[in-house]
Amino acid sequence: MGNGVSAEEADSVGFRVLGVQRDSPASAAQLINFFDFIVGAGDVVFKKLDNTFIDMIRNSEDKPLQVKVYNCKDKSYRDVVITPSRNWGGQGMLGVTIRFDNYFNTEETLVRVLEVARHSPAEIAGLKAGVDYLLGTTEKVFKNPDILFEEVLQHIDTPLEMYVYNTETDTVRTVVILPTHNWGGEGSLGASVGHGYLHRLPLECLETPGRNQDINLGVPPAEKPAGEDKAQAAAPPPPPEDEG
């Protein structure tokens, strides 16, 4: 294909699950933050960003909708039944933030925490050396350290909320960290990170899809829910919108 993109990479797309809200239809369906991609619904396979999935959600209000989910951690597919509703008590009809994204070679695009300095912002936030992987925010995926550090620079002395995967508990959790240059050590996080082949997930972690430790994020506080918004493309990365 053009621009050096293989057919396999071009086909490895879907709606990445980024923010499952507590007690939502998405949480009832056990969708997993960051690792799950909604790749189809009914007889439709999602290969491009358009309104097809949004329309299907609207047309299935209070009715079961079968979706196909791909998990990029254990590379498994599963069929999930989810019931869109406006009456579950939260935002959106599914209660999940989604972004159209690519899952090709995602195991090579992870940022691993290698060292955490004492009394640093990273330690205060509860980051653990060797076993924690920084996944991203509801707006960005940390596919490499440059993206992470760019996001950190934009949040100096401002809380930064991100998803973190822990290999010991096999869970994705929400972490709030306060990057600052005034903590008494080097850097704004007080943590070193690794990326690439040597920092892939351990083999035993690739045998399970993982699970959510908490499901509190939902729609970012700065955003205004739009009721029936469009899903977003992965690049360029505008702020994500709730699915409906």
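Reply: A residue counts as buried when its relative accessible area is under 20%. The model is predicted. By that cut-off cysteine 205 is buried, because its relative accessibility is 4%. Cysteine 72, at 8%, is buried as well. No disulfides are counted in the model.

The largest nonpolar core has 23 residues, and those touching the most other members are Leu31, Ile38, Phe46, Phe53, Val67 and Ile82. Two or more residues each come from β1 (13–20), β2 (36–41), α3 (52–59), β4 (65–71), β5 (76–82) and β6 (96–102). Of these elements, β1 gives the largest share, with four residues.

Valine 67 shows how parts of the chain meet here. Setting aside neighbours within four places in sequence, valine 67 is in contact with Ile38, Gly40, Ala41, Phe53, Arg78, Asp79, Val80 and Ile82. Apart from this core there is a second, separate one of 18 residues, whose members include Tyr103, Val141, Val172 and Leu201.

Aspartate 50 sits in the loop between β3 (44–45) and α3. Its relative accessible area is 27%, so aspartate 50 is classed as partly exposed. The side chain of aspartate 50 makes a polar contact, at 2.9 Å, with the side chain of threonine 52. Phenylalanine 100 is 50 residues from aspartate 50 in sequence, yet their C-alpha atoms are 9.4 Å apart in space.

Technical notes
Residues are numbered from 1 along each chain as its sequence is written. This is a predicted model: local features need pLDDT of at least 70, side-chain atom pairs count only at pLDDT 80 or more; totals for chains, interfaces and linings use all residues. Side-chain values use heavy atoms; hydrogens and water are left out. A nonpolar core is a set of buried Ala, Val, Leu, Ile, Met, Phe, Trp, Tyr and Cys residues joined through side-chain atoms within 4.5 Å. Buried means under 20% relative accessible area, exposed over 50%, partly exposed in between (1.4 Å probe, protein chains only). Contact means heavy atoms within 4.5 Å. A polar contact is a pair of N or O atoms within 3.5 Å; within protein, one must be able to donate a hydrogen and the other to accept it, and residues adjacent in sequence count only if both atoms are side-chain atoms. A disulfide is a pair of cysteine sulfur atoms within 2.5 Å.
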